[in-house]
Amino acid sequence: MISRRNRVAALCGIVCIVAACTAPQDQTQRDQSGETITGRHGAAGIGDDYYPEAGNGGYDVENYAVTVRYDAESGHLTGDTTVTARAEHDLSRFNLDLRGFTVSSVEVNGEAAEFKRTGDAELVITPAEPVREGDVLETRVRYEGKPLPGERGQLGGNGWYRTASGGAFVLGEPESASYWFPVNEHPRDKATFTLTASVPEGWTAVSIGTSDEPVTQDGWTTTTWTETNPIPSYLTLFAVDKFTVETGQLPDGTPVRNVFAPGAEEARQDAEYTEEVIAFLESRFGDYPANTAGGIYLDTPTGFALETQGTPTYPPDTTVDLLVHELAHQWYGNSVSIQSWADICLSECFASYAAWLWSEEKDGTDLNANYRNQIELWRDDAAYWSRPLYDMGAGNEFDAVYSKGPLAVHALRLRIGDEAFDRLLREWPAEYANGNASWEQFEEFTERIAGEELDAFFEDWFRGTELPAKEHLHPDLYSR
């Protein structure tokens, strides 16, 4: 994700925030055969040290099947979502994240389940019978109401937005999915996704993934989107407006969908760069990992862009550099997702550096000169260097990664050399494709590629809070 306010420095992104877990409790129950089971309550957090209540524990989601009907005039949403998961231990109770809405019923594996709401987002579910470790956990939730508005005062603006034309969209990082469907809301639990959405005739709904042809019946238009790659839930999207949708395909047949909100028509000239940007990024990162390409161009000033899966979402006044950043996330952040929010540099530092690579290739920019100039610019600014890029502390994830981040990545390129660096850019997203990875894993992986120990370098540039030592600035380029 990227915020327009930091676009000058490197490309800006958006905040992703995370969670940790509370200790589960044992509970003795009996199954249908009368056998005693010592079930456990699924934790109310997934285990992220920064955000103890983010996500949930006790199960691993495999798929979200979301069905919604949204009335643009009244702003009312009716939802029916089935979450298919697998129990990681015997479960007598578990949580899903859902913000707002009135829940009318919950079923677990076809049987009515007890449920209650706690806190801002917790839907606590007690199935009629405990679920055994390894068993499929299929939870159906029916709900309705007016979605909660987005928190526009913060970077990311998680939640639901209404547009000047009467439309709406739900977008944001780290949280956005829970504003419209029940979810395990943490990037550590990736899952496939299907959305079937109905909107009044005359309106157009859009989402991520490949789509079928819309069908209009009895005044409602219904479309289904399918995303077969496992993704973090913040990469989902639902938007309704008087959109103009233009389709095409990449040379390999990947479908391209560019969506323009009323008032966003000028974005077409930037959207035309999509194929060229993807081809360039493939030359550096490897084959394009998403099932779709394109973008969603809004006319609502969200203050940020977001790398929604396959079709990133852009605010007004987008730029080609912004396309490069968000499309680079399809490798760095979407396919290879963070393990915990402390690891966000794995996503944002590299997406930001992609814009440097684009400038080097397309404009002939001397990145070494740019690097030296940036060092000189910030050399005596203690506040600039005080912000770590890894383990930066809760609430600080989306700060230095957009300015200091690409500078550190270029320092790494200088340290290990172009040949090793080029291998790293391609082999890292291939090694962890469709999975999660931590910063520690990245350090180990880089050392294997480089064939040398780099602890002091990583400590200085990515964990450090001062100007890196001269030997890590690279003395051949910077001698002060």
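The legends below accompany close-up views of a predicted model.

**View 1. A patch of negative charge on the surface.**
Four acidic residues, Asp49, Asp391, Glu440 and Glu444, gather on the surface in a patch of negative charge. One of them, Asp49, is found in the loop that runs between strand E3 (36-41) and strand E4 (59-71). Asp49 has a relative accessibility of 71%, and because a residue over 50% is classed as exposed, Asp49 counts as exposed.

**View 2. Helix H4 and the residue that follows it.**
Helix H4 covers residues 345-363, and at 1.5 Å a residue its 19 residues should span 27 Å, which agrees with the 26 Å that separates its end C-alpha atoms. Of the 19 residues of H4, 15 are buried, so the helix is largely enclosed by the rest of the structure. After H4 comes Gly364, whose phi is positive, near 70°.

Side chains of opposite charge can pair when their charged atoms come close. In this view the side chains of Arg284 and Asp422 meet in a salt bridge, with a distance of 2.9 Å from N to O. This pair links distant parts of the chain, since Arg284 lies in helix H2 (residues 274-285) and Asp422 in helix H8 (residues 418-431), 138 residues apart.

The side chains of Arg387 and Asp399 meet in a salt bridge, with 2.8 Å from N to O. Both residues of the pair, 12 residues apart, are in the loop between helix H6 (382-385) and helix H7 (404-416). With a relative accessibility of 34%, Asp399 counts as partly exposed.

Asp418 forms a salt bridge with Arg413, and the closest N and O atoms of the two are 2.9 Å apart. Asp418 has a relative accessible area of 44% and is therefore partly exposed, while Arg413, at 8% relative accessibility, counts as buried. Elsewhere, salt bridges that share partners join Asp80, Glu107, Arg140 and Arg142 into one network. The count of salt bridges in the model comes to 14.

Definitions and conventions: Residues numbered from 1 in each chain as written. Predicted model: local features only at pLDDT ≥ 70, side-chain atom pairs only at ≥ 80, totals over all residues. Heavy atoms only, no water. Patch = residues over 30% accessible without salt bridge, like charges linked within 9 Å, V, L, I, M, F, W, Y side chains within 5 Å. Areas by Shrake-Rupley, 256 points an atom, 1.4 Å probe, with all protein chains shown as cover. Lys, Arg positive; Asp, Glu negative; His and termini not counted. Charge placed at Lys NZ, Arg CZ, Asp CG, Glu CD. Helix = DSSP H or I, 4+ residues; strand = E, 2+ residues; numbered from the N terminus. Buried < 20%, exposed > 50% of the residue type's maximum accessible area, 1.4 Å probe, protein only. Expected span 1.5 Å × (residues − 1).
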